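Have the model open as you read.

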Amino acid sequence: MLHQSRGLVRYLLLGVLSFGLFLGCTEDFEELNVDQAKLASLGAEEYPFLFSKAQSASSYAFWRYQVAQNLFADLYAQYYATTATYFPSDRNVIRMDWMQWHWRPIYTDAVPQLKVLLTELDPSSPEYAMASVTWVYAFHRLTDYYGPVPYFQAGEPLESVPYDPQEQIYDDFFKRLDAAQAVFRANAGGNAFGSFDLIYGGDIDKWLRFTNSLRLRLALRISDVDPIRAQTEAEAAVASGVLEDPADDAYMSKTEAGTDVNGLAGISVWNEFRMSASMESALKGYEDPRIGVFFQPVDDSGEYNGLRNGLTPAQLGDPQNLAQANSNVGSRWVTGGGSAWAREGTTPQNIMHAAEAYFNRAEGALNNWDMGGSAEELYNAGIEASMKQWGITDEAAIAAYQESESTPVAPGDFLNSPPVFDAPIDFGDSEAMQRLQIATQKWLALYPDGIEAWANLRRTDLPDLYPVANSENSDIPDGERPNRIPFIDYEKNTNGEAVAAAVSLLKGPDVASTRLWWDVN
């Protein structure tokens, strides 16, 4: 593991300095910028800077977004498919030299900063609660890639930092979130960290809803492996108040200063990936008004095109599979075209939304949990929230979509694929159809958060997306996607004893086909 604990001051210096342009050159920051001795004795005036840095690192910015998320989870979720012949990721090849950039930002740019805050701040303060929730947010996106990870002793000055079982990590997640929501409720109407909070500007009431929505997300995650705990946590989250209005959705502020641009915007100008055939099939078949927000037409004809995941370099050379023949992400992230795409780098980065909370509640209602409404009511509320999140506010159009019997269509792609699955939008009569519909609309609503979408696909196996056209990973059965990321080479080289011990915590060998603790389907 990165022995960042022994070099804590050095990592804090790198992290805080890289954030200076974004936060503004205040007098205090300029002093911190040049005085390493001051950094070694951090005071309360520096804590907001540390919090901002930890927040930013947890969501991955610019090129790190590509190698942490886009080339892996985004492809496994089939939001995109690669058009670049030099990227084997879409054919299930896992480049470990790339994967370290999913791992290292958490342990170098988030953990040291948060450890200072969680050590020095009053546990009854909203600032402490915000740091604790950010810890959970960062680590749930980490552990859900690998399974066991260094957690309880992360950031400690140890030669070998042990890995912890995922079930114990999740137990701590729930304890932290429960404690945080109590602190937020006790400080209702207040503000903490102010503008240094890159998501909500310090609004404690919104942090309460975010915290409870994260708790609900994680409760659904364990619903197959520990249904009793899952129900308890989910009902507590809903009772305390989750996200319900898109106005309270969580976005991370981004800037062109340094390398903290919106990750998706920053990489979408490189013409290396495009809309997947799965997205094309669903969005076109549903006549989904979000298609023009999620993606851009390939030319003035207004056509939206996607391609299958897992095409070989030879197949990608076909004119139908070239980048210019398929749809780039929407103008929220990039504008222009061809070789002249321009990034919208200050677009806030999607973190969590009310639509997801409604779909999670809808699934919980099917589990006979008390979610404050019926599955159908919450399902339709989720559709409405997602539409409004993306700027579709016509009530008649939303109602028509909710009642539609339309189903996905054949995308007309290079492989002449059939419709990706067969599920109308109008809420069905059978529980099996209802679960498929909830999972499908949640998959669409989570876009572009491939990390969460991939986790949900692994847990539910819904919706059933296209098989990977070609796999070059012998550990993964033909047509399937990875169930996890194996422990990375960087860790094996620097924390090898702990990695070897961690293999016994898995449900199988350290390969991509082994399922995580909560993945029992």
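Let's start with Glu256, which is partly exposed at a relative accessible area of 37%. (Buried means under 20% relative accessible area, exposed over 50%, and partly exposed in between, using a 1.4 Å probe and protein chains only.) Before going on, note that this is a predicted model, where local features need pLDDT of at least 70, side-chain atom pairs count only at pLDDT 80 or more, and totals for chains, interfaces and linings use all residues. Residues are numbered from 1 along each chain as its sequence is written, and side-chain values use heavy atoms, with hydrogens and water left out.

Glu256 pairs up with Arg343 in a salt bridge, meaning a side-chain nitrogen of Lys or Arg within 4 Å of a carboxyl oxygen of Asp or Glu. Glu256 sits in the loop between strand E2 (250-252) and helix H14 (263-267), while Arg343 is in strand E5 (residues 342-343), so this pair links parts that are 87 residues apart in sequence. (Helices are DSSP runs of H or I with at least four residues, strands are runs of E with at least two, and both are numbered from the N terminus.) Arg343 is partly exposed too, at 30% relative accessibility.

Across the whole structure, a search turns up 29 salt bridges. Here are some of them:

| Pair | N to O distance |
|---|---|
| Glu256 and Arg343 | 2.7 Å |
| Asp144 and Arg221 | 3.0 Å |
| Arg215 and Asp178 | 3.2 Å |

Arg215 belongs to helix H12 and Asp178 to helix H11 (residues 166-186), so their bridge connects parts 37 residues apart in sequence. Arg215 counts as buried at 5% relative accessibility, whereas Asp178 is partly exposed at 35%. Salt bridges with shared partners join Asp171, Lys175, Asp178, Arg215, Arg229 and Glu233 into one network.

Asp144 and Arg221 are both buried. With 21 residues (126-146) at 1.5 Å a residue, H10 should span 30 Å, and its end C-alpha atoms are 31 Å apart, which agrees. (The expected span is 1.5 Å times one less than the number of residues.) Just after H10, Gly147 takes a positive phi of about 100 degrees.

Finally, is Asp464 buried or exposed? Asp464 is exposed, with a relative accessible area of 56%, and is found in the loop between helix H22 (450-460) and helix H23 (489-494).
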